[in-house]
Amino acid sequence: EKVIFSALLHVLLGLYKLSVSVMEGDSVIFHTDVKRNQQEDIKWYFSDTRIAQISGDLSLICTDVQCNEGTERFRDRLKLDHQTGSLTIMNITNTDSGVYELKIISSRSSSDKIFNVTVSGEKSVKEGESVTLESEKTKSPNDVMTWYFNETKITGDQRTICTDVQCKERFRDRLKLDNQTGSLIITDTRTTDSGLYKLQITISDSSCSITTMKRFSVTVIGKEFGKTISFNQTSKCWNVACLEKGALMA
């Protein structure tokens, strides 16, 4: 059974564009961090199509097909917070990738926020190869990044990476962190490295905080998987590799 985690995206006024990458099956929560005072109209758009709206006096509340008849893209996978106008997309699919726009309109002002969402699938690698799990951002001094593997914490600091005993025994110095991006590199992969990796990123400054949770489903394919077995008996040749060596078939 696939475990679904929420990818949390906190957005405060003043931030105009953010990007997040999630795995299929995740839930994504776009937090406006706005406490409605019955004066703001909040509207959500996906690819210029209105997908959710809540009016200041609560006289109009709609999501998906309720907002636009015949546009049931999300099929009951949207949830709108009536207190804040925050939007949740549940059980996200690759067709949900794209640009989302938030419009907050009041009698005094209006603001637009843009979110770019990328939905990824499973990452596969052959045993013995290296794999990089990309954070897809440049790390700033105030950023805090923490990696997890199947709920086991992998710290975001290369100097103290894998402080957990179970983590140390499993990876044995095969984990590296990119100092510029915080991306996780697994070298000399083994089939036991297959599983769910999560990256929690917290970005903070004097006025706001943004937290995202990204998931990476990794499958390490064993060396014996899909291996071709050749039969070469005396003067008989049964495979292409054998023929390329000049052997003759009887």
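This report describes the fold, cores, aromatic contacts, disulfide and selected loop residues of a predicted model.

## Overall composition

The protein chain has 250 residues, of which 40% count as buried. Its secondary structure comes to two helices and 20 strands.

In soluble globular proteins, nonpolar side chains tend to be buried together. In this model the largest nonpolar core has 24 residues, and those with the most contacts inside it are Trp 44, Ile 51, Tyr 100 and Val 117. At least two residues of this core come from each of the strands β2 (17-23), β3, β4 (41-46), β5 (49-54), β7 (78-80), β8, β9 (98-105) and β10 (110-120). Apart from this core lies another, of 21 residues, with Phe 149, Leu 184, Leu 199 and Val 220 among them.

The surroundings of Trp 44 can be given in detail. Leaving aside residues up to four places away in sequence, Trp 44 touches Phe 30, Thr 32, Thr 49, Arg 50, Ile 51, Ala 52, Leu 80, Gly 85, Leu 87, Glu 101, Leu 102 and Phe 115.

## Strand β3 and its partner

Strand β3 spans residues 27-31 and is mostly covered, with four of its five residues buried. Three bridges join β3 to strand β8 (residues 87-89), and the two run antiparallel. Within this pairing, Phe 30 stands opposite Leu 87 of β8. Both Phe 30 and Leu 87 are among the residues that Trp 44 touches, and β3 and β8 are both among the strands that supply at least two residues each to the 24-residue core.

Across the whole structure, a search finds nine aromatic pairs. One of them joins Phe 46 and Tyr 100: the ring centres are 4.5 Å apart and the planes are at 35 degrees, so the pair is tilted. Phe 46 lies in strand β4 and Tyr 100 in strand β9, so the pair ties together parts that are 54 residues apart in sequence. Phe 46 has a relative accessible area of 5% and is therefore buried; Tyr 100, at 0% relative accessibility, also counts as buried.

Phe 46 and Tyr 100 belong to an aromatic cluster that also includes Phe 30, Trp 44, Phe 74 and Phe 115. Elsewhere, a charged group faces an aromatic ring: the charged end of Lys 198 sits over the ring of Tyr 148, 5.7 Å from its centre.

## The disulfide

A disulfide is a covalent bond between the sulfur atoms of two cysteines. The structure holds one disulfide, which joins Cys 62 to Cys 67 with an S to S distance of 2.1 Å. The torsion about the S-S bond of Cys 62 and Cys 67 is about 100 degrees, so the disulfide is right-handed.

Cys 62 is buried because its relative accessible area is 3%, and Cys 67 counts as buried at 7% relative accessibility.

## Loop residues with positive phi

Most residues other than glycine have a negative phi. Ser 47 is not a glycine, yet has a positive phi of about 50 degrees. Ser 47 is found in the loop between β4 and β5 and is partly exposed, with a relative accessible area of 48%.

Asp 188, likewise a residue other than glycine, has a positive phi near 45 degrees. Asp 188 is found in the loop between β16 (184-186) and β17 (195-204), and its 39% relative accessibility makes it count as partly exposed.

## Exposed loop positions

Asp 57 lies in the loop between β5 and β6 (61-63). Its relative accessibility is 57%, so Asp 57 counts as exposed. The C-alpha atoms of Asp 57 and Asp 41 are separated by 8.5 Å, and these residues are 16 residues apart along the chain.

Arg 159 is found in the loop between β14 (152-154) and α1 (165-171). With 75% relative accessibility, Arg 159 counts as exposed. The C-alpha atoms of Arg 159 and Leu 177 are separated by 9.7 Å, with the two residues 18 residues apart along the chain.

Conventions. Residues are numbered from 1 along each chain as its sequence is written. This is a predicted model: local features need pLDDT of at least 70, side-chain atom pairs count only at pLDDT 80 or more; totals for chains, interfaces and linings use all residues. Side-chain values use heavy atoms; hydrogens and water are left out. Buried means under 20% relative accessible area, exposed over 50%, partly exposed in between (1.4 Å probe, protein chains only). Two strands pair if DSSP finds at least two bridges between them. A nonpolar core is a set of buried Ala, Val, Leu, Ile, Met, Phe, Trp, Tyr and Cys residues joined through side-chain atoms within 4.5 Å. Contact means heavy atoms within 4.5 Å. Rings of Phe, Tyr and Trp (its six-membered ring) pair if their centres lie within 6.5 Å; planes under 30 degrees apart count as stacked, over 60 as edge-to-face and the rest as tilted. A charge sits over a ring if NZ of Lys or CZ of Arg is within 6 Å of the ring centre and within 35 degrees of the ring normal. A disulfide is a pair of cysteine sulfur atoms within 2.5 Å.
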